Structures are given as structure tokens and as C-alpha cells.
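Here's a quick briefing for anyone meeting this structure for the first time. Have a look at the picture, then read on.

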Amino acid sequence: MKRKPIVAIIYNFLRALATATLGALVLSWPLLAVFVKVQKTNVLVKTSIGTVMKNYTQLLDYLLSPFKEKLRMSDFPTSASAARHFYECKLLFELAIIVFIIGLVILIFLKMRKRFNYIYLSRTTALIFMILPVIVLPFALMNFDEFFISFHHLLFNNNDWLFNPTTDPIINVLTEEFFAGCFAIGGIIYELYFSCFILAKK
């Protein structure tokens, strides 16, 4: 069975991004619990760690559920601009969910038809994909704040992501270090995805 290299490259790149994005979002829950406890950011919002996590759970539910049309956090108000930003984030995460599900269906179908070779990457190609994030790593480590700003300018065409801590107190617990941790988790998942091709037996 002949390989389809372009198809395999596009498929695996999109699936790796979707997996890393959703994995980082889901694992952000325990990560936030750790950061809130260590940084004691719950003191800034004058509430308990449990209350912070309850509200973050409500936020994650909104971002991941296609049936949630409006964001409601029981203890944190949300400004109009923040609501717009969270909605734009929701659209991106739902796109990642769609890509992930389609990718999984394709994988199951090809395995059932014994045509997995169509989406298999060579070790060299997988290694190239693993090296790509390393190019960005030095910039991100030297100045994460600048990297974070550039990332938002790339994905969003407005400044709604610039939260006011007074009107949107949730940002007091979503610290720069927390977001850096989320990016790190996403990067690790991305690397693990392509490492499977390198470690796989031929």
C-alpha cells in the first residue's frame, strides 16, 4: 500500500494540535488548583480555593460544551468584552474538538480497513515536527509575556483578551505562570504525539 505523505502530514499535524489543545485545557483544572494553592491567588479574590475551582469548572464547561450558550460563573462577574473573548475561545476549542473527533474516526476506519499506512509518518518527518516547537522555545522562555501577547494577536483581531481585574476578577487567579504551565503541557502532549512515530517498531 502506497503512502500518501501530504495527507499524512496534514492529518497528523492537525490531530496533534487538536490533541495538545484539548489535553492542555482539560489538565488546566488540576494545574490551576496547584497554582492557586501555591500562589494563594484566592486571597486576591477573597474566596476559598474550592470556590475558585467551582467557578473555573463552570468556565471549562462553557468552553467545552456546545450546548452552553452563555457563560455564567456563580461567584465571578464577567464583563461584555471578557464574555466576547471567552466566546471566541469557545469557538476555537470546539473546532479542536471537531478536528479531534474526525481524526479519531478516520484512524478507526483506516485501522479497520488495514490502511493505517495512509496516515503513518516516517521517523524523519515526525522528528521535524518535534523540532519545530524548539525553535519557539527560547523566545517563549526569555519573555513569556511578549510571547503570550504575540500569540493572542495571532489568534484574535481585538483586545478583548486584555481583562480588567476589577470587572473580571477571574483573571487574578489565571496568572501568567498558570498560562505558561498550560502552554508547557500542550507542548509536552504535542511532542509525545510525534514521539510515538519515532518509537514505533517498523
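What share of the contacts in the chain with a separation of 6 or more comes from residues 24 or more positions apart? They account for 77% of those contacts, where a contact means heavy atoms within 4.5 Å. Keep in mind that this is a predicted model, so local features need pLDDT of at least 70 and side-chain atom pairs count only at pLDDT 80 or more, while totals for chains, interfaces and linings use all residues. Residues are numbered from 1 along each chain as its sequence is written, and side-chain values use heavy atoms, with hydrogens and water left out.

**The overall picture**

- Going along the sequence, you read α-α-α-α-α-α.
- The C-alpha trace spans about 60 × 40 × 30 Å along its principal axes.
- Out of 202 residues, 38% count as buried; buried means under 20% relative accessible area, exposed means over 50%, and partly exposed is in between (1.4 Å probe, protein chains only).

**Helix α1 against α3**

- Helix α1 covers residues 5-39 and helix α3 covers residues 80-112; they pack at an angle of about 125 degrees, with their axes 9 Å apart. Axes here are lines fitted to C-alpha atoms, for helices over the stretch in contact, and angles run from 0 to 180 degrees between N-to-C directions.
- That angle makes α1 oblique to α3. For the wording, under 35 degrees is roughly parallel, over 145 roughly antiparallel, 65 to 115 roughly perpendicular, and the rest oblique.
- α1 passes α3 in a left-handed crossing, a label used if the near helix is turned anticlockwise from the far one by less than a right angle (clockwise would be right-handed).
- On the α1 side, the residues that meet α3 include Y11, L14, L22 and L25; among their partners in α3 are F93, I97, F100 and L107.
- The residues of this α1 and α3 contact split into 13 nonpolar, 3 polar and 1 charged. Ala, Val, Leu, Ile, Met, Phe, Trp, Tyr, Cys and Pro count as nonpolar, Asp, Glu, Lys and Arg as charged, and the others, Gly among them, as polar.

**Helix α2 against α3**

- The axes of α2 and α3 come within 7 Å and cross at roughly 60 degrees, so α2 and α3 are oblique to each other.
- L59, Y62, L63 and L64 in α2 meet a set of α3 residues that includes F86, Y87, C89 and K90.
- That α2 and α3 contact has 9 nonpolar residues, no polar ones and 2 charged.
- F93 and I97 of α3 turn up here as partners of α2, and they also meet α1.

**Helix α4 against α6**

- Helix α4 (residues 123-142) and helix α6 (residues 176-199) pack at about 160 degrees, with their axes 8 Å apart. They are therefore roughly antiparallel to each other.
- α4 also passes α6 in a left-handed crossing.
- R123, A126, L127, F129, M130 and P133 in α4 meet Y190, E191, F194, S195, F197 and I198 in α6. Those residues divide into 9 nonpolar, 1 polar and 2 charged.
- A180 is also in helix α6 and is partly exposed, at a relative accessible area of 28%. A180 and N143 sit 37 residues apart in sequence and 11 Å apart in space, C-alpha to C-alpha.

**Loop residues to look up**

- S79 is in the loop between α2 (49-64) and α3, and counts as buried because its relative accessibility is 18%.
- The S79 side chain makes a polar contact with the side chain of S81 (3.3 Å) and reaches the backbone nitrogen of A82 at 3.2 Å. A polar contact is a pair of N or O atoms within 3.5 Å; within protein, one must be able to donate a hydrogen and the other to accept it, and residues adjacent in sequence count only if both atoms are side-chain atoms.
- S79 also touches T167 and D168, leaving aside residues up to four places away in sequence.
- Most residues other than glycine have a negative phi. K40, in the loop between α1 and α2, has a positive one near 55 degrees, and K40 is exposed at 54% relative accessible area.
- K46 lies in the loop between α1 and α2, and has a positive phi of about 55 degrees although it is not a glycine. K46 is exposed, with a relative accessible area of 78%.

Technical notes: Helices (H or I, at least four residues) and strands (E, at least two) are DSSP runs, numbered from the N terminus.
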